[in-house]
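Student: Can we go through some charged pairs together? I'd like to start with the surface question.

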Amino acid sequence: MRIASVETMVTRLPILTGEWRDTIHHVTHIELVLVEITSDTGVVGTGVSHTSGDGGKTIESLIQHSLTPFLVGKEVSPRGLWHEAWKFLHDLGGAGFTTTALGAVDIALWDMFAKEQKRPLVDVLGRVHQKMPVYGSGINLGMSEAEVVDQVKGWLDKGYRAFKVKIGKPDVAEDRERLTKIREVIGHLPLMVDANQGWGLEIASRRINGLNGLDLTWVEEPLLSDDIAGHALLRRQIETPIGVGENIYTIYQFRDYLMANAVDYIQADIVRVGGITPYMDIAALSHAFNRPMAPHFMLELSAHVLCAVPNAYIAEDTDGGSLSALKALRNPVKIVDGYFTPSDLPGHGLDFDREYMDQHRV
């Protein structure tokens with residue numbers, strides 16, 4: 001089975017729950033880059049990449065003008081092709097736009113590979129878990145205290161049993177007050193916080209230690225994701241575990257974090273690291289360091305693949321940001337009692353609503 005063609009489209013989907021705000025973002029829409037790869041036997045694999053705002057056309061251009069000529073005619077072998085393609089793109093940059101573009105292609109190839117076998121993707125990868133716990137996650141720093149508490153109550157009512165909210169208010173006392181109100185609502189259930197790289201090392205430890213006693217599962221991205229040494233130093237200064245990964249792009253960067261003892265939870269984004277192939281390698285590396293996987297974003301795909309990861313901890317459902325909430329799917333995924341169950345359909349099982357996406361085409 002060889003690759004016959006590669007087709008792409010970019011769609012800009014509005015966030016229907018309202019704009020997102022945290023310490024560095026102001027997001028009103030998500031751009032999805034959809035990739036369809038067709039084999040010479042007629043099997044079609046679908047992949048997707050995402051951006052928080054703009055950038056989709058840059059990713060599409062890289063796929064159309066660099067990856068497509070490289071891929072057409074090659075045998076469908078996801079792992080082998082990923083390493084060839086990553087080396088081919090490396091002169092343009094080892095990570096970032098290159099891996100995000102490659103992510104959509106790799107996902108499409110795995111979808112095609114599983115469809116050819118007429119098996120769900122999770123079984124082709126090697127199913128370990130029958131279902132995966134999911135936590136409610138909000139980009140909610142711009143919400144009032146009452147609004148964010150109501151948001152968490154809504155997740156609790158839907159059956160979620162773990163929660164994450166943004167921190168980074170001008171005064172740590174305001175962050176603490178918001179989290180205290182949330183803790184009163186959820187009791188002893190897991191509560192995570194995300195600082196979105198908003199601090200420098202000189203204030204991060206003071207801000208995080210100011211939240212001691214709230215029993216936080218992790219603090220996410222307290223510093224710039226590039227600063228591995230800073231995270232290692234910070235980890236020795238605080239009680240709260242550290243989670244990073246959504247802005248780390250290669251297995252080598254994750255290795256350096258793990259070797260520096262700078263991270264407790266690995267939150268690799270399955271798209272940004274380059275797709276399923278490198279994600280599974282990063283998961284295996286993390287397993288060797290006894291670090292759990294709690295991936296960033298893309299619920300429907302991340303949770304599916306996470307069911308094939310031994311050291312899986314939990315998947316993220318970003319309020320308003322899942323493919324289902326963006327109305328990108330004909331078959332919206334339902335979370336039942338706080339758990340995601342993989343589709344039994346061949347491949348990843350995602351049926352994209354081309355008609356709706358075409359209405360928002362870039």
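Student: Asp358: buried, exposed or partly exposed?

Tutor: Partly exposed, in this predicted model. Its relative accessible area is 42%. That lies between the 20% and 50% cut-offs, so Asp358 counts as partly exposed.

Student: Which residue does Asp358 form a salt bridge with?

Tutor: Arg361. The closest N and O atoms are 3.2 Å apart.

Student: And how accessible is Arg361?

Tutor: Arg361 has a relative accessible area of 46%, so it is partly exposed too.

Student: New topic. What does Arg255 pair with?

Tutor: Asp256, in a salt bridge. The closest N and O atoms there are 3.0 Å apart.

Student: What about Glu246 and Arg272: buried or exposed?

Tutor: Both are buried. Their side chains meet in a salt bridge, 3.9 Å from N to O.

Student: Where in the chain are they?

Tutor: In distant parts, 26 residues apart. Glu246 is in the loop between strand S10 (242–244) and helix H9 (251–259). Arg272 is in the loop between strand S11 (265–266) and helix H10 (276–288).

Student: Last one. How many salt bridges does the structure hold?

Tutor: It holds 20.

How values were computed
Residues are numbered from 1 along each chain as its sequence is written. This is a predicted model: local features need pLDDT of at least 70, side-chain atom pairs count only at pLDDT 80 or more; totals for chains, interfaces and linings use all residues. Side-chain values use heavy atoms; hydrogens and water are left out. A salt bridge is a side-chain nitrogen of Lys or Arg within 4 Å of a carboxyl oxygen of Asp or Glu. Helices (H or I, at least four residues) and strands (E, at least two) are DSSP runs, numbered from the N terminus. Buried means under 20% relative accessible area, exposed over 50%, partly exposed in between (1.4 Å probe, protein chains only).
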